Amino acid sequence: MNEALRQYIPLDKSWIIRMGLLDIINGKPQIVEFLSGQTGLSDDLQALLQAAKDWPVKQSIGVGESGTLYRFLHFASWKMGLGKTFVRRGTLRHRSITNDPGIITLSQRELLGLDNGTSQWASAAVLLGDEKRLPGPPLKLGLTYEAAYEWSPRQEWEPRWDETIERQAEAFIRQVKGQPAGFRPGHSEDYCLARALNMISAGEGSKRWPSLAGHETNRLHEMETATSQADSGRVVTSKDHRVVQAVAIRAVIKGSNVKFKHPKAITKSWPRFWEFIKMVGPTGLEPVTSSTSRKRSSQLS
């Protein structure tokens with residue numbers, strides 16, 4: 001990807017939230033200092049920044065719509081005996097999430113069986129001191145092992161940018177230029193785009209990543225609904241950021257017009273997504289509409 005487009009790629013919120021939790025529970029100020037100096041933060045990282053400020057002084061902690069942040073901080077509160085409460089916003093309020101402090105005694109393998117197989121509870125256990133390392137862990141649990149290894153109370157950690165979104169953006173650009181996407185879904189966060197580009201079926205997605213049923217929406221169903229709405233000329237009503245992103249990219253590639261009821265949902269993970277779409281797509285593309293031709297491909301070289 002050329003540098004003009006790379007500027008639109010957001011921080012890796014999975015990495016930052018992991019380092020942020022370690023900072024929060026150990027009283028290290030780096031996460032607040034780092035995020036306070038950033039512009040254009042995703043909604044989840046804004047929630048992390050506020051939670052980091054509130055953790056030492058408040059019992060009620062806002063976690064926005066971030067399931068990761070909610071599970072991590074809730075596990076920390078249970079493990080540390082702090083009795084904190086958490087305020088969930090948006091789609092997170094309606095998600096079915098384990099609420100049993102007894103899970104702090106479970107092994108990582110047992111924790112991986114909770115909430116449709118998410119690895120977030122197991123990751124929380126690792127960040128709170130579980131030193132066991134499972135062979136061949138799920139992708140995000142492996143990332144947690146890296147975070148626990150690299151974090152230090154005496155040295156600053158290095159931020160990372162979102163490699164998942166960058167891979168997806170590169171595949172999108174190749175498709176707009178009429179080239180093969182060169183993209184294979186490697187984990188659950190790739191599912192929506194892969195489904196939008198007909199690279200995977202809903203059945204295969206369900207088999208590979210059962211946790212898809214427990215995200216902001218049941219993404220297995222939500223993608224089918226959203227693509228059906230887009231193809232029939234109806235407004236896409238999804239509030240799920242990954243679904244909005246995937247259907248918008250699909251519309252650009254197909255050269256179709258699609259309107260979105262909740263275009264701002266994408267700011268949960270990719271704040272500059274619509275700017276990126278404008279750069280790749282035609283002049284005048286609006287956040288609530290995705291349409292394109294294969295013009296302006298010279299910008300993508």
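Modeller: The discussion below takes up helix pairs, then pockets, then the cavity.

Modeller: This is a predicted model, in which local features need pLDDT of at least 70 and side-chain atom pairs count only at pLDDT 80 or more, while totals for chains, interfaces and linings use all residues. Residues are numbered from 1 along each chain as its sequence is written, and side-chain values use heavy atoms, with hydrogens and water left out.

Colleague: What describes two packed helices?

Modeller: Two packed helices are described by the angle between their axes and the distance between the axes. Helices are DSSP runs (H or I, at least four residues), numbered from the N terminus. Axes are lines fitted to C-alpha atoms, for helices over the stretch in contact, and angles run from 0 to 180 degrees between N-to-C directions. Here, the axes of α2 (residues 13–26) and α4 (residues 43–54) come within 10 Å and cross at roughly 5°. The two helices α2 and α4 are therefore roughly parallel to each other (angles under 35 degrees count as such).

Colleague: Which residues of α2 and α4 meet?

Modeller: Contact means heavy atoms within 4.5 Å. From α2, Lys13, Ile16, Ile17, Gly20 and Ile24 meet Asp44, Leu45, Leu48 and Ala52 of α4. By class, this contact of α2 with α4 has six nonpolar, one polar and two charged residues. Ala, Val, Leu, Ile, Met, Phe, Trp, Tyr, Cys and Pro count as nonpolar, Asp, Glu, Lys and Arg as charged, and the others, Gly among them, as polar.

Colleague: How do α9 and α13 cross?

Modeller: The axes of α9 and α13 come within 9 Å and cross at roughly 15°, which makes α9 roughly parallel to α13. Ile165, Gln168, Phe172, Gln175 and Val176 of α9 make the contact with Arg242, Gln245, Ile249, Val252 and Ile253 of α13. That contact of α9 with α13 has six nonpolar, three polar and one charged residues.

Colleague: How many residues line the second largest pocket?

Modeller: The second largest pocket, of about 270 Å³, is lined by 16 residues, with Asp12, Leu139, Leu143, Glu163 and Thr164 nearest its centre. Its lining has three nonpolar, three polar and 10 charged residues.

Colleague: Which residues line the largest cavity?

Modeller: One cavity of 30 Å³ or more is counted, and the largest cavity holds about 30 Å³ of space. Gln168, Glu189, Cys192, Leu193, Arg242, Gln245 and Ala246 line the largest cavity. Helix α13 gives the most to this lining, with three residues.

Conventions: Parallel < 35°, antiparallel > 145°, perpendicular 65-115°, else oblique. 1 Å grid on protein atoms, 1.4 Å probe; cavity = no way out; pocket = protein on both sides within 12 Å on 5 of 7 lines; lining within 4 Å. Points joined across faces, edges and corners; volume = space filled by probe spheres on them.
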